Amino acid sequence: MGQARIRGSRDIRVAEAITKADRLKPPVIACNSCKIELTEIASLDASGLKGIEAAFGAHCVACDQDTWAVRGEIAAVQAFYVALEKAAGAKVQLGIAKPPAPT
Ligand SMILES: [Zn+2]
């Protein structure tokens, strides 16, 4: 009791973003390089990214590539990939995420 007012701290926002991402997480992301189905998907913190609902990353051990999957507004998703490409200094391909069961 008395601990309820720590909301708003960065740690909590990150935890909430990841919890939300977990709910939206696709069961499988196809590797961009070898198309193998990756099921070890990490939920990423997208709380600081405007228009992004959730972001996921999966690492393919077969070809040592990271594949990303992002859910959100189209413009925001494109901006996310541009930022990734700048950070990586290379072309980043959109991951193919199978959508979760329709709601
Ligand atoms: Zn691969």
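**View 1. Burial and overall fold of the chain.** In this predicted model, buried residues account for 30% of the 103 residues in the chain. The chain contains two helices and six strands, and their order along the sequence is α-β-β-β-β-β-α-β. Of the contacts between residues at least 6 apart in sequence, 44% join residues at least 24 apart.

**View 2. The hairpin of strands E4 and E5.** Strand E4 spans residues 52-60 and strand E5 residues 65-72; the two pair in the antiparallel sense over eight bridges. Within this pairing, Phe56 stands opposite Ala69 of E5. Four residues lie between the strands of the hairpin, where Asp64 adopts a positive phi near 55°. In a regular strand, side chains alternate between the two faces of the sheet.

**View 3. The salt bridge of Asp45 and Arg10.** The structure holds two salt bridges. One of them joins the side chains of Asp45 and Arg10, with an N to O distance of 3.6 Å. This pair links distant parts of the chain, 35 residues apart: Asp45 belongs to the loop between strand E3 (41-44) and E4, and Arg10 to helix H1 (residues 10-24). Asp45 is partly exposed at 27% relative accessibility, whereas Arg10 is exposed, with a relative accessible area of 53%.

**View 4. The salt bridge of Lys25 and Asp22.** Lys25 and Asp22 form a salt bridge in which the closest N and O atoms are 3.6 Å apart. Lys25 is partly exposed, its relative accessible area being 29%. Asp22 also counts as partly exposed, at 40% relative accessibility.

Note on methods
Residues numbered from 1 in each chain as written. Predicted model: local features only at pLDDT ≥ 70, side-chain atom pairs only at ≥ 80, totals over all residues. Heavy atoms only, no water. Pairing = 2+ DSSP bridges. Buried < 20%, exposed > 50% of the residue type's maximum accessible area, 1.4 Å probe, protein only. Contact = heavy atoms within 4.5 Å. Salt bridge = Lys/Arg side-chain N within 4 Å of Asp/Glu carboxyl O.
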